[in-house]
Every structure is written in structure tokens, then in C-alpha cells.
Amino acid sequence: SYFLFIHLPRFLTELGADEVAIGLIVAAAALASIAIRPQVGAVMDRRGRRPAILVGGVLNAVSVPLYFTVSSVGPWLVLVRILHGLSAALLFTSVSTYGADQVPEARRMQGLTLFAASTMLPAAIGGWVGDVVLAVGGFHGVLFAAFGFATTALLLSIPLPEQRPARAGGAFSSRRGGFRRVLLQGNLLPLWHLTLWIGI
């Protein structure tokens with residue numbers, strides 16, 4: 001569902017957006033996704049993983065068809081992108097955390113690696129599927145396909161049993177300032193720095 005939107009810039013070009021506008025519009029989803037992730041983690045620690053998965057799935061299935069209502073570059077398009085980005089934050093964070101909870105501790109790295117691969121594979125396939133659909137049905141065809149994948153993902157998530165985290169003290173404390181403390185924790189700073197550069 002998400003990686004079909006690699007073709008969004010073509011749609012934005014058809015709406016008359018220049019390269020700067022395309023960059024800002026595409027970035028709106030990423031910025032919204034980044035901004036909400038710490039809060040998503042805190043909520044999952046308090047309420048479990050399943051609510052975040054379900055809310056993210058519903059938001060994804062709702063935000064994709066909203067692109068059909070976009071007819072020009074403007075605030076409405078940016079709002080749709082932000083909603084789409086929030087669904088990405090909820091889904092990617094909650095599903096990967098849910099998966100990590102299921103993997104036995106002795107095989108945690110193997111499990112996390114498989115989850116990482118399951119994110120990269122759609123990135124590779126999404127562009128190709130989008131090319132095929134775009135050639136047949138244009139960007140509206142891509143939206144229908146993305147909506148189909150989003151709805152399927154939501155339906156697959158409904159039967160998931162709740163997975164509540166163990167009530168043990170962890171690095172990310174629920175106390176006020178916990179996230180800020182971890183972000184500035186001396187022995188973790190090299191990790192944040194390394195992750196930033198790998199991501200870029």
C-alpha cells in the first residue's frame with residue numbers, strides 16, 4: 001500500500017507542482033510520521049500493541065481514498081499526506097513492535113532482521129507493481145490498488161490477539177522527560193548518529 005506511492009510525484013506533476021512543491025508535499029507525510037513515533041511508543045507501552053495496529057490500519061484505509069478528492073496542490077493535499085504519514089507511523093511502529101514481542105529473546109535479532117526484510121521487499125516490489133498498474137489505469141488505478149492492499153492489511157490485523165508488554169522498567173521511561181533522557185543518553189548518542197547517517 002505505502003510503496004505504491006513512489007509514483008505520487010508523477011501525479012503531483014500532473015497537478016502542476018514543481019520540484020520544490022513535490023519535495024515539500026512528499027516530506028509532509030515523513031515529517032508527520034517521525035513526529036508522532038515517540039508518542040506511539042509510549043501509548044503502546046500503556047495500552048498494548050493491537051489498538052495502534054487497528055487505528056493505523058483504519059487511518060491508512062481511510063487516507064488512501066482521500067487522494068481521489070485531491071484536484072489541486074494546496075492545504076487539502078498536505079492534510080491528506082499528513083494523515084497518510086500518521087498511519088505509517090502507527091502501522092510500522094506497532095507491527096514491528098508486535099513482531100519483536102513474539103520472537104523468543106534468543107532469536108530476537110533474527111526475527112527483527114526478517115521484519116526489516118519484509119519492509120524492504122515491498123519497497124522493491126511496490127515500484128514495479130505501480131509501473132504495471134499506472135500503465136493500465138493511471139494514478140487512479142494505483143490508488144485503487146493501494147486501497148486494496150490497505151484494506152487487506154486491515155482485515156488481516158483484526159484477528160491478532162493483544163500483546164501487552166511486560167511491566168518492567170525499560171530505557172524508554174513513561175515518566176515525564178523519559179524520551180528526552182533516552183535521546184540524550186551518552187552511550188546511545190553514537191547509535192542515534194549512526195542511524196541518522198544510514199537513513200540519509
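Is glutamate 14 buried or exposed? Select it: glutamate 14 counts as exposed because its relative accessibility is 54% (buried means under 20% relative accessible area, exposed over 50%, partly exposed in between, with a 1.4 Å probe and protein chains only). Before going on, note that this is a predicted model, where local features need pLDDT of at least 70, side-chain atom pairs count only at pLDDT 80 or more, and totals for chains, interfaces and linings use all residues. Residues are numbered from 1 along each chain as its sequence is written, and side-chain values use heavy atoms, leaving out hydrogens and water.

Arginine 10 makes a salt bridge with glutamate 14, with the closest N and O atoms 3.8 Å apart (a side-chain nitrogen of Lys or Arg within 4 Å of a carboxyl oxygen of Asp or Glu). Both sit in helix 1 (residues 8–14), four residues apart, about one turn of the helix. Helices here are DSSP runs (H or I, at least four residues), numbered from the N terminus.

Next, pick arginine 49, buried at 5% relative accessible area. Arginine 49 pairs with aspartate 45 at 3.4 Å, N to O, and with aspartate 101 at 2.5 Å between the closest N and O atoms. Arginine 49 lies in the loop between helix 2 (19–47) and helix 3 (50–66) and aspartate 101 in helix 4, so this pair ties together parts 52 residues apart in sequence. Shared partners join Asp45, Arg49 and Asp101 into one network.

Last stop: histidine 84, in helix 4 (residues 75–102). Histidine 84 is buried, at 3% relative accessibility.

Definitions and conventions
Helices (H or I, at least four residues) and strands (E, at least two) are DSSP runs, numbered from the N terminus.
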